Amino acid sequence: MTLNPSADVVTRELRGKVLLVTIDHAPVNALSADVRRGLLAAVEAADADSAVQAVLIVGAGRNFIAGADIREFGKPPLPPALPDVCNRIEACTKPVVAAIHGAALGGGLEVALAAHYRIAVEGAKLGLPEVQLGLLPGAGGTQRTPRLIGAQAALDLILSGRHASAKEALALGLIDRLGSSGDILAEGLAYVHELLAAHAPVRRTRDAVAPGDRAASLAAVTAARAETAKKSRGLFSPLKIVDAVEAAIEQPFDEGLRLERKLFLECLDSPQRAGLIHAFFAEREVLKAPETRDAKPRALNAIGVVGGGTMGAGIAVAVLDAGLPVTMIERDDASLARGLAHIEKVYDGLIARGRMSAEKKAAVMTRWNGSTSYDALTDADLVIEAVFEDLAVKQAVFAELDRVCKAGAVLATNTSYLDIDAIAASISRPADVIGLHFFSPANIMKLLEVVVPKRVSADVVATAFELAKKLRKTPVRAGVCDGFIGNRVLAVYRAAADAMMEDGASPYQIDAAVRAFGFPMGPFQVVDLAGGDIGWAARKRRAATRNPAARYVQIADRLCERGWFGQKTGRGFYLYPEGSRSGTPDPEVEAIIDAERARAGITPRSFTDDEIIRRYMAAMINEGANVVHERIALRPLDVDVTLLYGYGFPRYRGGPMKYADMVGLPKILADIREFAKEDPLFWKASPLLVELVERGADFASLNQTA
Ligand code: 3HC
Ligand code: NAI
């Protein structure tokens with residue numbers, strides 16, 4: 001019998017003595033205002049109805065509840081508030097059981113913790129991932145979790161935001177029962193009936209006595225506070241989480257809840273919450289390129305990689321890690337052996353650190369196959385070329401692929417800068433050619449630029465997105481141009497950094513300012529890590545076509561001429577004594593910079609860290625706007641995801657375009673116009689930025705238009 005046929009997102013049905021409450025709010029049963037209202041009404045109804053002896057809460061579809069409705073954050077709050085709903089569930093006078101399958105995350109787990117008993121089945125994911133959104137559990141999670149599983153385990157769960165399996169949740173004491181089948185409803189009902197038969201009492205988590213003694217709990221808090229202060233790198237919510245958990249140990253439940261609410265609201269108001277939630281949605285939006293809607297991916301059972309250097313080997317590892325077979329082609333036996341050695345080095349490193357067994361490595365390597373003959377690629381569904389960055393060399397490789405590959409094989413290039421349209425045009429099947437721009441190390445870095453040339457067919461683009469999914473990469477659709485999205489934007493903010501260095505800021509000050517902004521490394525540390533020779537080769541290649549009127553800072557060239565290529569040569573912008581990986585400032589580099597300033601006729605001036613960041617960000621944002629304006633990126637959010645996943649942009653700032661919106665576009669444009677007084681050619685405001693400021697609009701307004 002359905003008691004409230006009109007209600008949609010939360011339904012109630014009396015099953016004998018049990019009120020079955022089902023949350024049915026696609027796609028993930030997030031706790032929107034309707035769901036909160038429905039849950040509240042269900043508990044009220046259970047208490048009021050003498051026919052009800054117990055309540056069972058389940059989720060319809062693939063999840064229990066994925067958490068608060070993230071789309072509501074930043075908007076005016078709608079009643080009832082989730083903490084009140086949880087408190088009401090806990091106060092129910094009849095036993096309430098949560099039966100969990102799929103995600104029970106954030107507010108979803110908090111609803112379950114407010115229930116009196118919990119059962120979960122295999123495949124369930126339980127966690128409090130609020131920290132990843134700049135928040136803390138705000139519906140009792142910081143108070144109930146420590147009472148149930150102890151402060152140490154609660155801190156670990158809440159500070160990491162990780163998901164625990166049903167089995168682990170049972171071991172932790174987060175749930176009471178592990179269901180043996182996958183049928184969540186049957187498992188839940190059986191458990192409720194068992195509890196009723198045993199006259200199990202209402203058991204409130206607020207009254208639970210935390211395992212372990214108080215001193216040990218407080219010691220865990222002190223240790224977590226010290227560790228978090230060291231590791232949380234400018235994040236706002238982690239230390240507040242520690243404070244809230246401390247209150248769970250030291251204060252009565254209602255006091256602790258009050259503190260949790262206060263801290264939660266502070267986090268909700270923080271720009272970090274806005275940045276992190278933007279990142280959450282942006283990384284999902286990038287998957288919705290037009291071709292992924294309109295076309296079906298081709299098969300992806302066998303992958304080829306041409307080239308076994310830095311990138312080819314890294315890509316091969318990424319493919320092997322995804323469980324796919326890979327065939328590597330190199331130009332001779334010695335190069336092939338080097339390619340294989342690069343791959344083995346990655347796995348041997350894992351074995352040395354105890355993260356892989358020798359048997360597992362052997363099993364993975366059975367999927368690897370190498371050859372110096374292209375004929376080994378006749379069965380490949382997709383081939384990724386990663387040979388030298390030279391158009392003629394790449395076209396010769398593509399001619400071979402055209403000759404041997406089966407019809408319908410996707411032919412991809414990992415080029416960083418070259419014209420993929422020109423590669424496609426050189427063979428008989430341009431519709432099969434696409435760019436797959438991986439980032440180094442390719443088995444680690446999450447970004448994959450899917451570079452879409454003019455003549456490629458839609459199902460090839462869809463196949464590239466499918467490959468990204470299999471490799472667990474974050475794909476961003478990009479158009480063909482010099483540098484695509486990421487490297488094109490990088491070239492401009494690097495140039496801004498070079499100009500500041502020549503004008504008077506030291507590379508060490510610039511790096512420190514950029515790190516303080518939230519990047520893991522500054523631009524000159526990145527050069528030293530990647531190898532100064534790579535950029536030097538690109539600069540030499542472009543020398544003939546460079547605009548002679550454009551400012552060209554030669555400091556990096558002076559270092560390269562001395563063979564100072566960074567970490568691999570022991571010195572670059574920094575000194576790396578005895579193979580050390582963290583550099584120290586080099587007075588000789590500073591002397592070279594002084595000499596270059598003198599040669600260029602520049603009287604050095606000082607920069608504040610704030611001035612450095614204003615210029616660095618204005619350069620990045622302006623080129624990001626150009627990239628969107630020219631449709632190289634579909635939307636501003638695609639630029640954001642590129643910088644977040646490929647260039648170390650601090651996630652809590654959401655990406656450069658989100659950051660620009662938060663600072664205000666008129667301010668960014670005013671900065672650019674001010675800097676243009678010194679160098680009008682470099683600081684040319686993007687037409688898109690100008691237009692948005694004139695219209696009073698922001699980048700976010702363009703994010704809906706893929
Ligand atoms: N609120 C609103 N929408 C959500 C959502 C949420 N909590 N979680 C997921 N969605 C949306 C996604 O944006 C996506 O929308 P789209 O189809 O329009 O792009 C859709 O649901 C499906 O999501 P996924 O593509 O991520 O689906 P998966 O099956 O891959 O993953 C999931 C499911 C594991 C639940 C994953 O979506 C997830 O991790 N969600 C976020 C969980 C979370 O962070 N919860 C905490 C929220 S904060 C909170 O609860 C505060 C409380 O303490 C007060
Ligand atoms: P690399 O020099 O380390 O490796 C190139 C490999 O290609 C060498 O092993 C070489 O023997 C092989 N090779 C050359 N000609 C060949 C041919 N005709 N047939 C088969 N193999 C051949 O170069 P790296 O760094 O791996 O770069 C490869 C490509 O990836 C380039 O296009 C580069 O621009 C791009 N790329 C490089 C990144 C990096 O950080 N190194 C990042 C992203 C892209």
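The model is predicted. Its protein chain is divided into domain 1, covering residues 2–269, domain 2, covering residues 300–484, and domain 3, covering residues 487–702. Domain 2 and domain 3 bury an area of about 1,400 Å² between them, while 27 residues surround ligand 1.

**Domain 2 and domain 3**

- Taken over C-alpha atoms, the centres of domain 2 and domain 3 are separated by 30 Å.
- On the side of domain 2, 19 residues are in contact with domain 3, and 13 residues of domain 3 take part in return.
- Of the area of about 1,400 Å² that is buried between domain 2 and domain 3, carbon and sulfur atoms give 58%.

**Polar and charged pairs across this interface**

- The count of salt bridges between domain 2 and domain 3 is one.
- R542 and D482 form a salt bridge in which the closest N and O atoms are 3.2 Å apart.
- Four residue pairs are found in polar contact across the interface of domain 2 and domain 3, with both residues of each pair at pLDDT 80 or more.

**The side of domain 2 that touches domain 3**

- The elements that give two or more residues to this side of domain 2 are the strands β16, at 447–452, and β17, at 474–479.
- Strand β17 supplies the largest share of the side of domain 2 that touches domain 3, namely five residues.
- Sorted by class, the side of domain 2 that touches domain 3 consists of nine nonpolar, five polar and five charged residues.

**Surroundings of ligand 1**

- Among the 27 residues that surround ligand 1, the closest are A68, G107, E110, E130 and R284.
- The side chain of E110 places an N or O atom 2.7 Å from an oxygen atom of ligand 1.
- For G107, by contrast, a backbone N or O atom lies 2.8 Å from an oxygen atom of ligand 1.
- G138 likewise has a backbone N or O atom that lies 3.0 Å from an oxygen atom of ligand 1.

**Salt bridges in the whole structure**

- Side chains of opposite charge can pair when their charged atoms come close.
- The structure as a whole holds 55 salt bridges.
- One of them joins the side chains of R36 and E72, with a distance of 3.0 Å from N to O.
- Because R36 lies in helix α1 (residues 33–48) and E72 in the loop between β3 (54–59) and α2 (82–91), this pair ties together parts that are 36 residues apart in sequence.

Terms used
Residues numbered from 1 in each chain as written. Chains lettered and ligands numbered in written order. Predicted model: local features only at pLDDT ≥ 70, side-chain atom pairs only at ≥ 80, totals over all residues. Heavy atoms only, no water. Domains from an automatic or database assignment. Contact = heavy atoms within 4.5 Å. Buried area = accessible area lost by both parts, 1.4 Å probe. Salt bridge = Lys/Arg side-chain N within 4 Å of Asp/Glu carboxyl O. Polar contact = N/O pair within 3.5 Å; in protein donor to acceptor, adjacent residues only side chain to side chain. Helix = DSSP H or I, 4+ residues; strand = E, 2+ residues; numbered from the N terminus. Nonpolar A, V, L, I, M, F, W, Y, C, P; charged D, E, K, R; others polar. Near = heavy atom within 4 Å.
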